[in-house]
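Work through the following exercises with the sequence and the coordinates open. Each task is followed by a solution in steps.

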Amino acid sequence: MTARPPGGAAGPRPAPGSPLPDTSGITDLFGEEALAGRQVALIDLLDRLLNGGAVLTGDLVLSVADVDLVRINLRAVIHAITPDDPAPW
Amino acid sequence: MTTDVPAAPATATMSYVYAVGRAGPALDAAARGLAGPADGPLRTVASGPLAALVSSVPADAYGEEGLRARLADLTELAALARAHHAVVDAAYARTTVLPLRLATVYLDDARVRAMLDERGPAFAQALGRLEGQVELGVKVYADPRAAAAAEPEPQAAEDPATAGRTPPEPGAPGPGRAYLRQRRQQRRRHQDAYRAAGAVAAGIRDRVATIALDRVAHRPQQGELAGAAGENIANDAYLVPARRVREFRRALAGAADGLPGVRVELTGPWAPYSFATPPPPAAPGEPR
């Protein structure tokens, strides 16, 4: 598969040298309000939807297997895999 | 089930399940006004005391082939993940539900009911555990470059004895030594940032130990999707009573003060995705 998402789903990165907000404190990505229209980072979501959530096999033999497939296909995108540090899944 | 699935006609639909909760008006209300990934309306499918949040999806798009293609494409995967999350998130705002893993699909509602019957006691137990709880994410980053940026310019403090001499004498320890010193400094800064980040991560676990009910360590985020600066060294999810979220946030305040090479990010509250699967009975040392 291609390693780079066509839509640039990783989101904009800060320009090199740009001041990051509050580098020494806590970056509270949601603040005191609840989710209120804030789009969560895809990687945080995938951590939860591919590793968390109650696992039911479902009727499709491939549905759970496909999730495993996703991790294999996308592992270069989601996680950098090195020989010393293989994916746990 | 591991049985073979009969081929479905192209126009057929299947039942995509987002979450399981207790049957009742709260879950019914959550289903109203929400749409699934295929823009179909959501409904509840109940059996006994439990009900599933379900939407119909086209069998061709969400069957084995369709799903395989969808999950293999990051744009499609992202859309599905966000649609799934939108439903779970909205439902959890109203009532306790057990979020299911992405892409849990049944042939029809009868099969969903059979699943509810079969897993009923386990669901009820899991729902009881999650009642009134939310998930908060805490990520700790080591960022040596931020530490470097916060330090004074190395030349300014360096070797005042030779500072005024120009040009440097040919035989004198000049650029080479400065280079080595810089490299040493860089390495030290690197080690300091990682050590400090590890200490901050451990400190946070201590700070919230009496607030959080449980913790799951996710794999540190790397790769292209991890767009944040620095290296993620801890990626923890905490199960926290909803009424103590503010207290949790306060407990984190100042955790990285005075450490420019360490950054802490807090996400959530989330529906308790990371705690939806009960921990395995005995698997010490096995990350979940």
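This is a predicted model: local features need pLDDT of at least 70, side-chain atom pairs count only at pLDDT 80 or more; totals for chains, interfaces and linings use all residues.

**Exercise 1. Domains of chain B**

Solution. Step one is to set the bounds: domain 1 of chain B covers 13–131, and domain 2 covers 135–275. Step three is to list the contacts across the boundary, where 5 residues of domain 1 of chain B meet 4 residues of domain 2 of chain B. On the domain 1 side, helix H4 (residues 74–94) of chain B gives the most, with 3 residues.

**Exercise 2. Confidence**

State the confidence of the complex and of chain B, and locate a stretch of chain B where pLDDT stays under 50.

Solution. For the complex, the predictor gives an ipTM of 0.82 and a pTM of 0.76. Chain B has an average pLDDT of 85, and 84% of its residues score at least 70. The stretch asked for is residues 279–288 of chain B, where the model has 4 contacts beyond four places in sequence.

**Exercise 3. Inventory of the two chains**

Count the helices and strands of chain A and chain B, and give the share of buried residues in chain A and chain B.

Solution. Chain A contains 2 helices and 1 strand, in the sequence pattern β-α-α. Of its 89 residues, 30% are buried. Chain B contains 10 helices and 8 strands, and 40% of its 288 residues are buried. For the contacts of chain B between residues at least 6 apart in sequence, 78% join residues at least 24 apart.

**Exercise 4. The open sheet of chain B**

Derive the strand order of the open sheet of 4 strands in chain B and say which strands stand at the edges.

Solution. The order is S2-S3-S1-S4 in chain B, with antiparallel pairing. Strand S2 (42–47) and strand S4 (97–106) of chain B each have a single partner strand, so one side of each has no neighbour in the sheet and these two are the edges. From one strand to the next, the twist averages 25°. Taking one pair in detail, S2(B) and strand S3 (residues 50–58) of chain B run antiparallel and are joined by 6 bridges. Within this pairing, B:Val45 has B:Ala52 in S3(B) as its bridge partner.

**Exercise 5. Strand S8 and helix H9 of chain B**

Describe the surroundings of strand S8 (residues 262–270) of chain B, then find what the buried residues of helix H9 of chain B pack against.

Solution. Start with burial: 8 of the 9 residues of S8(B) are buried. Next comes the pairing, in which strand S5 (residues 133–142) of chain B runs antiparallel to S8(B) and 7 bridges join them. B:Val138 has B:Leu266 in S8(B) as its bridge partner. S8 of chain B also holds B:Pro269, and the peptide bond between B:Gly268 and B:Pro269 is cis, with omega about 5°.

Turn to helix H9 (residues 175–207) of chain B. H9(B) has 33 residues and reaches 46 Å from first C-alpha to last, close to the 48 Å expected at 1.5 Å a residue. Its buried residues are B:Ala193, B:Ala197, B:Val200, B:Ala201 and B:Ile204. An α-helix has 3.6 residues a turn, so residues three or four places apart point the same way. The buried residues of H9(B) pack against S5, helix H6 (144–150), strand S7 (231–241), helix H10 (245–252) and S8 of chain B.

**Exercise 6. A residue of chain A at chain B**

Which residues does A:Leu49 touch, not counting residues up to four places away in sequence?

Solution. First place the residue: A:Leu49 is in helix H1 (residues 42–51) of chain A. Then test for burial: A:Leu49 has 25 C-beta neighbours inside 10 Å, so this residue counts as buried. Last, read off the contacts, which are B:Ala81, B:His84, B:His85, B:Arg101, B:Leu102 and B:Tyr273.

Technical notes. Residues are numbered from 1 along each chain as its sequence is written. Chains are lettered from A and ligands numbered from 1 in the order in which they are written. pLDDT is the predictor's confidence in each residue, from 0 to 100. Two residues are in contact if their C-beta atoms, placed from the backbone, lie within 7 Å. A residue is buried if 20 or more other C-beta atoms lie within 10 Å of its own, exposed if 12 or fewer, and partly exposed in between; C-beta atoms are placed from the backbone. Two strands pair if DSSP finds at least two bridges between them. The expected span of a helix is 1.5 Å times one less than its number of residues. Axes are lines fitted to C-alpha atoms, for helices over the stretch in contact, and angles run from 0 to 180 degrees between N-to-C directions. Domain bounds come from an automatic or database domain assignment.
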